[in-house]
Amino acid sequence: MNPDLSGKDGQEAAAPAVRDVIELLEVLWNKGRDITSPAPVSSSQLRVLYVLDGAQGINLRTLGEVLGSAPSSVSRMCDRLHALGFIERSLSSASRRELELRLSSQGESYLKELRTRRESALFDVISGMSRTDRAALERGLRGFRSAVESSAAAEEPTPESGPSPGGAVESA
């Protein structure tokens with residue numbers, strides 16, 4: 001897993017190299033998740049928790065738009081997460097026909113513990129790297145993040161094409 005990633009051929013080699021790293025990260029992530037809670041959540045449910053962590057008080061419709069999922073699927077995921085005690089539902093202060101979704105304290109604790117375990121697993125791996133390799137990893141990840149953010153910004157709709165998925169709250 002050490003291809004030459006410079007030049008045009010490097011662009012083609014980068015995708016499989018990144019895929020390999022993502023697969024290794026998934027193994028580390030799942031180790032952390034498996035020991036975090038007696039009731040682990042699915043990947044889709046975990047994504048809901050991440051969205052709610054960054055956007056407390058959104059409704060089902062907006063959550064579905066952010067996730068790119070059908071309202072019925074989002075509703076079922078939220079039902080399960082509510083049954084686990086990870087999210088709370090409350091009437092919106094803006095509209096009584098709308099529910100707002102928030103992480104519960106138990107959901108916040110779950111994410112905090114999960115992140116702590118994942119960071120610990122990453123720290124263990126990264127601490128085995130040389131200082132030069134860690135610096136190269138940091139530079140590479142900054143570049144990767146910048147490219148992702150540039151790509152995402154290019155895909156955001158203009159005012160003429162409508163709101164972004166994380167935009168205004170609509171009724172559910």
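Let us start with aromatic pairs: in this predicted model, the count comes to one such pair. Which residues form the pair, and how are their rings placed? They are Phe86 and Tyr110, with ring centres 4.9 Å apart and planes at 25°. Planes under 30 degrees apart count as stacked, so this pair is described as stacked.

Where do the two residues lie in the chain? Phe86 belongs to the loop between α4 (71-84) and β1 (87-91), whereas Tyr110 sits in helix α5 (residues 105-126). The pair therefore ties together parts that are 24 residues apart in sequence. Are these two residues buried or exposed? Both Phe86 and Tyr110 are buried.

I now turn to the protein as a whole. It contains six helices and two strands, and from the N terminus on the order is α-α-α-α-β-β-α-α. Of the 172 residues, 23% are buried. Among contacts with a separation of 6 or more, 55% come from residues 24 or more positions apart.

The average pLDDT of the protein is 80, and 80% of the residues score at least 70. Where pLDDT is low, the predicted coordinates should not be read in detail.

Conventions:
Residues are numbered from 1 along each chain as its sequence is written. This is a predicted model: local features need pLDDT of at least 70, side-chain atom pairs count only at pLDDT 80 or more; totals for chains, interfaces and linings use all residues. Side-chain values use heavy atoms; hydrogens and water are left out. Helices (H or I, at least four residues) and strands (E, at least two) are DSSP runs, numbered from the N terminus. Buried means under 20% relative accessible area, exposed over 50%, partly exposed in between (1.4 Å probe, protein chains only). Contact means heavy atoms within 4.5 Å. Rings of Phe, Tyr and Trp (its six-membered ring) pair if their centres lie within 6.5 Å; planes under 30 degrees apart count as stacked, over 60 as edge-to-face and the rest as tilted. pLDDT is the predictor's confidence in each residue, from 0 to 100.
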